[in-house]
Amino acid sequence: MGFDGPPGPGGSGVESGAGILRAGVRNAPFSADAITESSHTLADGNHIRQTLNLKVYRDSEGRTRREQAVNLLGLAPDANMQQMVFIHDPVAGVSYSLNAKERTGTKSVRNGDGRGAQRASQDASGGAPRPRAGGPDGHQARMGGVAAKTESLGRQTIEGVQADGRRVTMTIPAGQAGNELPIHIVTESWYSTDLQTTVLSRHSDPRNGETVTRLTNISRGEPAHSLFEVPADYKLTESAAGMPRPRGGAVQTKQ
């Protein structure tokens with residue numbers, strides 16, 4: 001689960017998916033650290049654990065900035081990780097993918113229907129939207145033939161902000177996926193109305209393990225405007241359909 005708006009019908013924003021910060025939300029500025037931890041136990045007892053750390057910002061006009069280390073070469077050594085910055089400016093209708101080390105980047109111009117910028121943001125994160133379950137609390141719905149139950153978890157304070165909790169349990173019946181017993185997939189999310197974002201989410205699937213994403217060090221002050229601008233010394237290429245990740249080497253400068 002990502003920071004993509006309130007769970008349930010009507011909650012989907014411009015962007016959705018793991019670790020994605022919804023842009024276009026006005027008058028709800030903040031900055032925070034976003035931490036995603038995933039764990040998976042293999043059949044032989046081996047454990048796989050991964051952690052992704054991001055820094056996220058959103059200003060009062062709905063502009064967003066996300067900073068994270070990205071492995072551009074798809075290799076394991078940390079030496080190949082490069083600091084990337086992803087800026088989405090719905091006011092100007094543009095998105096930027098910036099390589100902080102190479103001082104290069106790509107400018108993506110939003111299509112008329114807005115889907116270009118959305119796809120660009122999703123490609124940059126490598127995340128994919130998760131399914132949403134409809135229906136009121138306690139109601140049994142069906143999603144693609146899978147039963148889904150939604151229940152309220154009440155309200156609590158998380159990292160200094162009030163958040164409302166919701167749990168969606170999807171059940172794959174025995175035999176539907178070759179499984180001998182039912183498979184229960186549980187997604188828990190805590191949404192802050194003040195920030196208009198999810199501050200904590202937990203997704204548990206016995207087939208893939210557990211993923212927990214949370215915001216920490218939340219500051220509700222207005223981020224500096226310069227965080228949503230590209231420094232003058234960056235060399236940019238321009239794309240109108242998607243936002244490919246910049247790599248090292250020569251690039252065409254486009255002003």
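Analyst: Welcome! Two residues are in contact when they have heavy atoms within 4.5 Å. By that rule E67 touches N53, L54, K55, Y57, Q83, M84 and V85, leaving aside residues up to four places away in sequence. This is a predicted model, in which local features need pLDDT of at least 70 and side-chain atom pairs count only at pLDDT 80 or more, while totals for chains, interfaces and linings use all residues. Residues are numbered from 1 along each chain as its sequence is written, and side-chain values use heavy atoms, with hydrogens and water left out.

User: Why is E67 called buried?

Analyst: Buried means a relative accessible area under 20%, exposed means over 50%, and partly exposed lies in between (1.4 Å probe, protein chains only). E67 has a value of 18%, so E67 counts as buried. Its place is in strand β3 (residues 64-71).

User: What makes the link between the side chains of E67 and R65 a polar contact?

Analyst: A polar contact is a pair of N or O atoms within 3.5 Å; within protein, one must be able to donate a hydrogen and the other to accept it, and residues adjacent in sequence count only if both atoms are side-chain atoms. The side chains of E67 and R65 are joined at 2.7 Å, so the distance meets that limit.

User: How do you know which parts of the protein are helices and strands?

Analyst: Both are DSSP runs, numbered from the N terminus: a helix is a run of H or I with at least four residues, and a strand is a run of E with at least two. The protein comes to 1 helix and 13 strands. From the N terminus, the order is β-β-β-β-β-β-α-β-β-β-β-β-β-β. Of the 255 residues, 46% count as buried.

User: What makes a group of residues a nonpolar core?

Analyst: The group must be made of buried Ala, Val, Leu, Ile, Met, Phe, Trp, Tyr and Cys residues joined through side-chain atoms within 4.5 Å. The largest such core has 16 residues, and F30, V56, V199, L215 and I218 have the most contacts inside it. Strands β1, β2, β9 (161-172), β11 (197-205) and β12 (209-219) each supply at least two residues of this core. A second, separate core has 9 residues, including V85, V94, Y96 and F228. In soluble globular proteins, nonpolar side chains tend to be buried together.

User: Why is the R63 and D89 pair called a salt bridge?

Analyst: A salt bridge is a side-chain nitrogen of Lys or Arg within 4 Å of a carboxyl oxygen of Asp or Glu. The closest N and O atoms of R63 and D89 are 3.4 Å apart, so the pair qualifies. R63 lies in the loop between β2 and β3, and D89 in strand β4 (residues 81-89), 26 residues apart. R63, at 12%, is buried, and D89, at 10%, is buried too.

User: How do you know that R220 and D194 form a salt bridge?

Analyst: Their closest N and O atoms are 4.0 Å apart, so the pair falls within the limit. R220 lies in the loop between β12 and β13 (235-239), and D194 in the loop between β10 (183-192) and β11, so the pair ties together parts 26 residues apart in sequence. R220 is partly exposed at 46%, and D194 is partly exposed at 45%.
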